[in-house]
Amino acid sequence: MTKFDPEWELATRAIRVGHERTPEGEHSEPIFMTSSFVFGSAAEAAARFSGEDPGNIYARFTNPTVRAFEERLAAMEGGESCVATASGMSAILATSMGLLQQGDHLVSSRSIFGSTVVLFDKYLSRFGIETGYVDLDDLDAWEAAIRPNTRMLFVETPSNPLTALGDIRALADLAHAHDCLLVVDNCFCTPALQRPLELGADIVVHSATKYIDGQGRALGGAVVGDANRVGEEVFGVLRTAGPTISPFNAWIFLKGLETLDLRMRAHSAAAGQLAAWLEQQSAVARVHYPGLPSHPQHELAQRQQKAPGGILAFELKGGRDAAWQVVDSTRMLSITANLGDTKTTITHPASTTHGRLSEEQRQEAGITQGLIRIAVGLEDVGDIQKDLARGLDAL
Ligand SMILES: *Cc1c(COP(=O)(O)O)cnc(C)c1O
């Protein structure tokens, strides 16, 4: 049986934490596809239900494969507790339901995942929780948006698709000065590149669907934080309301974590190379990537992240026609809004992920018609470059 050694580095934690070998002596982690668990006696059943014996009862509450994934991710993020969920959205829902109540106010960065905006504006509002939005890199705006009833600051950094950064340490200090929690959606960086809890954040949420899986196979999410808020409050929502992860999906993510450090470094290296090349192209007006010295928060990225990540965006001088031409000239890249896959994806945000915004809202958010987002995969970077060059050279 492997015990968790707190001195282990991230790559070791990612491979060695969480699995307790069964008497079968399996080397790879087993999948416990079972919805319920059997008790040895009436007394044992009673002890499980009373909580006196912490063992398994029912898979909506606990499952050994799910627990292995939770323990591993908690060790990688440096949190006491982790609760896995059916999707990234249910991680954010369970966090909100577990830690907020009617009359509370939340402040969020403006450029967050689209469904998170809908969750906050359409659904949480029905339960008396209001949300205010600010630009993530404007600390004064965050402070000005905080009201006496604000209980949570929510940030996604780097932002999608423009890769603006929120200063996690400064936001944590601000949150704590106003009796608020700081929640960070760490989907883009993963603990391999950024550990918000070490920078003072209280809660980390994940869409495991993206880089934690890394190969676009399964939906899942997770919440990481302290034993009381996550282990009790958020877990309580999960075990009661039931957006529980499937043991099969938890196993995919558990195995995904083993290669996460390696993959995130490779995604970052390829994105860095591609970003530098794009900056040299005459059809390109601007490249947004935290690893470039031209990025306005390059210094913060170096301080806060271990590497700049796999996502970049660039603006074409020729507007929408040029952007669509580049997208349509690709033969290998996948035209899809998903990210965090071995396969490189290309998106025109203005007509897809941000298509439902008004042109004015898009202008405000910096989502121009000439903007293209690339989530750089793990193909040979020269081949990715060639696939983009076909469209760029024709402009
Ligand atoms: C995809 C995504 C989510 C939602 O996750 P699902 O697994 O699709 O529910 C939340 N936040 C970010 C940043 C995402 O990219």
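1. Is Arg362 buried or exposed? In this predicted model, Arg362 is buried, since its relative accessible area is 8% and the cut-off for buried is under 20%. The residue belongs to helix H14, which spans residues 359-365.

2. The side chain of Arg362 has polar partners on the backbone. It reaches the backbone oxygen of His354 at 3.0 Å. A polar atom of the Arg362 side chain also lies 3.0 Å from the backbone oxygen of Leu357. Setting aside neighbours within four places in sequence, the residues in contact with Arg362 are Ala350, His354, Gly355, Leu357, Ile367 and Gln369.

3. Turning to the sheet, seven strands form an open arrangement with mixed pairing, in the order S1-S7-S6-S5-S4-S2-S3. The edges are held by S1 and S3 (130-134); each has a single partner strand, so one side of each is left without a neighbour in the sheet. From one strand to the next, the twist averages 20 degrees.

4. Strand S1 (residues 81-85) deserves a separate look. Although S1 is an edge strand, five of its five residues are buried. Ser81, Val83 and Thr85 point one way from the strand, while Cys82 and Ala84 point the other way. The residues on both faces are buried.

5. The partner of S1 is S7 (residues 221-225), and the two pair in the antiparallel sense over five bridges. Ser81 stands opposite Gly225 of S7, and Cys82 has Val224 as its bridge partner. In general, strands of a sheet pair through backbone hydrogen bonds, either parallel or antiparallel.

6. Helix H3 (residues 64-77) lies across S1, S6 (203-207) and S7, and runs at about 130 degrees to S1. Helix H7 (residues 168-177) packs on the sheet and touches S4 (150-156) and S5 (181-185). The direction of H7 makes about 150 degrees with that of S5.

7. A helix pair is also worth checking. Helix H4 (residues 88-99) and helix H9 (residues 227-241) pack with their axes 8 Å apart, at an angle of about 110 degrees. H4 and H9 are therefore roughly perpendicular to each other, as angles of 65 to 115 degrees count as such.

8. Which residues make the contact between H4 and H9? From H4 come Ala94, Thr95, Met97, Gly98 and Leu99, and from H9 come Arg229, Glu233, Val234, Val237 and Leu238. By class, this contact has six nonpolar, two polar and two charged residues.

Methods: Residues are numbered from 1 along each chain as its sequence is written. This is a predicted model: local features need pLDDT of at least 70, side-chain atom pairs count only at pLDDT 80 or more; totals for chains, interfaces and linings use all residues. Side-chain values use heavy atoms; hydrogens and water are left out. Axes are lines fitted to C-alpha atoms, for helices over the stretch in contact, and angles run from 0 to 180 degrees between N-to-C directions. Helices (H or I, at least four residues) and strands (E, at least two) are DSSP runs, numbered from the N terminus. Angles under 35 degrees count as roughly parallel, over 145 as roughly antiparallel, 65 to 115 as roughly perpendicular and the rest as oblique. Contact means heavy atoms within 4.5 Å. Ala, Val, Leu, Ile, Met, Phe, Trp, Tyr, Cys and Pro count as nonpolar, Asp, Glu, Lys and Arg as charged, and the others, Gly among them, as polar. Buried means under 20% relative accessible area, exposed over 50%, partly exposed in between (1.4 Å probe, protein chains only). Two strands pair if DSSP finds at least two bridges between them. A polar contact is a pair of N or O atoms within 3.5 Å; within protein, one must be able to donate a hydrogen and the other to accept it, and residues adjacent in sequence count only if both atoms are side-chain atoms.
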